[in-house]
Structures are given as C-alpha cells and as structure tokens.
Amino acid sequence: MEKVSNLKEKWDTLVRTLSNEFSDGDELNIDGIIYLIGVQELGQGQKKFKKDEKINLMHIAICKLLEPYGYYEFDFFDNDGWPHYKTLTELPSLKPGEQTVLMKEAIVNYFDSIDFFK
C-alpha cells in the first residue's frame, strides 16, 4: 500500500480498505468503523452481539478513540473482559460537522498508531 499523508486521503483509504474487508465492498459509514474498532478493542473475536452489546462496543471505541485527546482514561476490565473507561473531561459542545471531523481524525490516528497506512 502506498504511503498516505493527509486526513482526507487517509480517511478515503481506510473506508475503501475496511469496506472491502468487512462489508463486501458496500461503503462503511463512520458508525460501522467505530463498531469495528469496538470489536477490535474488546478482543473477543467475531461473534454475534446483542443490541445493547453493540451500543457498548461503540462506546468502548469512542472512549478509546478520544483517550489521546484527554477525554477518557482506561479504568479496568470487568469479569467478562469488557474494558471500562472513566471520563476525565466532558466533551465540548460541537456542531455535527465538527463532531464528524473530530471522530474521523481520531479514527485515522487510531489506525496510524497501528501502522495501517504504511
């Protein structure tokens, strides 16, 4: 894979690659990518999740994604192996477009940290 440098290029590469890998080429949206990150962070492999577990997976992902920004900090794993985070700083009020940019940046940074783009 060629080296990708800017946020838009990285986002487009990420969406294309993950969509091909996990959704038979149907384009994943940001929520789908957040869900995949949650499954990855849970570390229990692919399995069927109940609706409330899917919501919890997305919460895990959001906490993990925003941890480097100082909003959350990992706290502990419960008896079922689910990670829990504590809130350090309340999220600022952002317009929907600003929220999307923040989450895309955080997702790209997450994948950057695991050398996805190299």
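**Inside the model**

Guide: Let's begin with two helices, H1 and H4, whose axes come within 10 Å and cross at roughly 70°. An axis here is a line fitted to C-alpha atoms, for helices over the stretch in contact, and angles run from 0 to 180 degrees between N-to-C directions. H1 and H4 are therefore roughly perpendicular to each other (under 35 degrees counts as roughly parallel, over 145 as roughly antiparallel, 65 to 115 as roughly perpendicular and the rest as oblique). On the H1 side, the contact is made by Leu7, Lys10, Trp11, Leu14 and Leu18, while H4 brings Lys104, Glu105, Ile107, Val108, Phe111 and Asp112. Contact means heavy atoms within 4.5 Å.

Before going further, a word on what you are looking at. This is a predicted model, in which local features need pLDDT of at least 70 and side-chain atom pairs count only at pLDDT 80 or more, while totals for chains, interfaces and linings use all residues. Residues are numbered from 1 along each chain as its sequence is written, and side-chain values use heavy atoms, leaving out hydrogens and water. Helices (H or I, at least four residues) and strands (E, at least two) are DSSP runs, numbered from the N terminus.

H4 also meets H3: their axes come within 9 Å and cross at roughly 80°. This pair of helices, H3 and H4, is therefore roughly perpendicular too. Ile62, Lys64, Leu65 and Leu66 are the H3 residues that meet Leu102, Met103, Ala106, Ile107 and Tyr110 in H4.

Now for the core. In soluble globular proteins, nonpolar side chains tend to be buried together. A nonpolar core is a set of buried Ala, Val, Leu, Ile, Met, Phe, Trp, Tyr and Cys residues joined through side-chain atoms within 4.5 Å; buried means under 20% relative accessible area, exposed over 50%, and partly exposed in between (1.4 Å probe, protein chains only). The largest nonpolar core has 30 residues, of which Leu14, Ile33, Ile37, Leu65, Ile107 and Phe111 touch the most other members. At least two core residues come from each of H1 (7–22), H2 (30–42), H3 (51–66) and H4 (96–113). H4 contributes the most, with seven residues.

Ile37 counts as buried at 1% relative accessibility. Leaving out residues up to four places away in sequence, Ile37 touches Ala61, Leu65, Ile107, Tyr110 and Phe111. The buried residues around it in H2 include Gly32, Ile33, Ile34 and Leu42, and the buried residues of this helix pack against H1, H3, E2 and H4. The length of H2 agrees with expectation: 13 residues at 1.5 Å a residue should span 18 Å, and its end C-alpha atoms are 18 Å apart (the expected span is 1.5 Å times one less than the number of residues).

Apart from neighbours within four places in sequence, Leu65 is in contact with Ile34, Ile37, Met103, Ala106, Ile107 and Tyr110. Leu65 is among the buried residues of H3, along with Leu57, Ile60, Ala61, Cys63 and Leu66. These buried residues pack against H2, strand E1 (72–77), strand E2 (83–87) and H4.

Next, look for rings. Rings of Phe, Tyr and Trp (its six-membered ring) pair if their centres lie within 6.5 Å; planes under 30 degrees apart count as stacked, over 60 as edge-to-face and the rest as tilted. By this rule there are six aromatic pairs. One of them is the edge-to-face pair of Phe74 and Tyr85, 5.7 Å centre to centre with 80° between the planes. Phe74 lies in E1 and Tyr85 in E2, so the pair ties together parts that are eleven residues apart in sequence. Phe74 is partly exposed at 31% relative accessible area, whereas Tyr85 is buried at 16%. Phe116 and Phe117 have ring centres 5.1 Å apart and planes at 85°, so this pair is edge-to-face. Phe116 is buried at 18%, and Phe117 is buried at 3%. Together with Tyr110 and Phe111, these two form one aromatic cluster.

One last stop is Asp115, in the segment after H4. Most residues other than glycine have a negative phi. Asp115, although not a glycine, has a positive phi of about 60°, and it is partly exposed at 48% relative accessible area.
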